[in-house]
Amino acid sequence: MTIKKHNKRKAQLTKYLEQLDEFNWHHPTQVSEMADSQHERDNRKYYLAQISLILFNNYQQSYMQIAQLLNMSSRTARRLTIDYEQDFDSLEEIMEELQNGEDW
């Protein structure tokens with residue numbers, strides 16, 4: 001993978017993570033109330049797992065690289081790739097699902 005492609009993918013991933021956390025920015029007082037919501041934690045964990053699986057399977061990123069990109073431990077990145085099955089084929093599909101999915 002060239003440096004240009006790597007930087008482009010990293011920028012794209014950053015954009016997707018911002019979309020995933022968009023609700024937190026627009027509704028900071030509600031986020032603290034929802035912190036105990038199992039549904040919210042499950043949704044976040046699911047999408048982080050899907051992004052991890054795409055990075056691992058499609059882009060051959062190591063657990064350490066995934067952990068750095070997603071700001072988590074490599075142990076968590078490994079656990080997410082083991083515990084979940086890949087439901088999306090690309091990062092673009094995840095972005096589309098987040099834009100058209102449920103309103104969190």
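Guide: From the N terminus on, the chain's elements run α-α-α-α-α-α-α, and the tally is seven helices and zero strands; helices here are DSSP runs of H or I with at least four residues, strands are E runs of at least two, and numbering goes from the N terminus. Keep in mind that this is a predicted model, where local features need pLDDT of at least 70, side-chain atom pairs count only at pLDDT 80 or more, and totals for chains, interfaces and linings use all residues. Residues are numbered from 1 along each chain as its sequence is written, and side-chain values use heavy atoms, with hydrogens and water left out.

Now the pair itself. The axes of helix 1 (residues 3–20) and helix 7 (residues 91–100) come within 10 Å and cross at roughly 20 degrees; axes are lines fitted to C-alpha atoms over the stretch in contact, with angles from 0 to 180 degrees between N-to-C directions. That makes helix 1 roughly parallel to helix 7, a label for angles under 35 degrees. On the helix 1 side, Gln12, Leu13, Lys15, Tyr16, Gln19 and Leu20 meet Leu91, Glu92, Met95, Leu98 and Gln99 of helix 7, contact meaning heavy atoms within 4.5 Å. By type, the residues of this contact divide into six nonpolar, three polar and two charged.

Zooming back out, among contacts in the chain between residues at least 6 apart in sequence, 70% join residues at least 24 apart. Buried residues (under 20% relative accessible area, 1.4 Å probe, protein chains only) make up 31% of the 104 residues.

Terms used:
Angles under 35 degrees count as roughly parallel, over 145 as roughly antiparallel, 65 to 115 as roughly perpendicular and the rest as oblique. Ala, Val, Leu, Ile, Met, Phe, Trp, Tyr, Cys and Pro count as nonpolar, Asp, Glu, Lys and Arg as charged, and the others, Gly among them, as polar. Buried means under 20% relative accessible area, exposed over 50%, partly exposed in between (1.4 Å probe, protein chains only).
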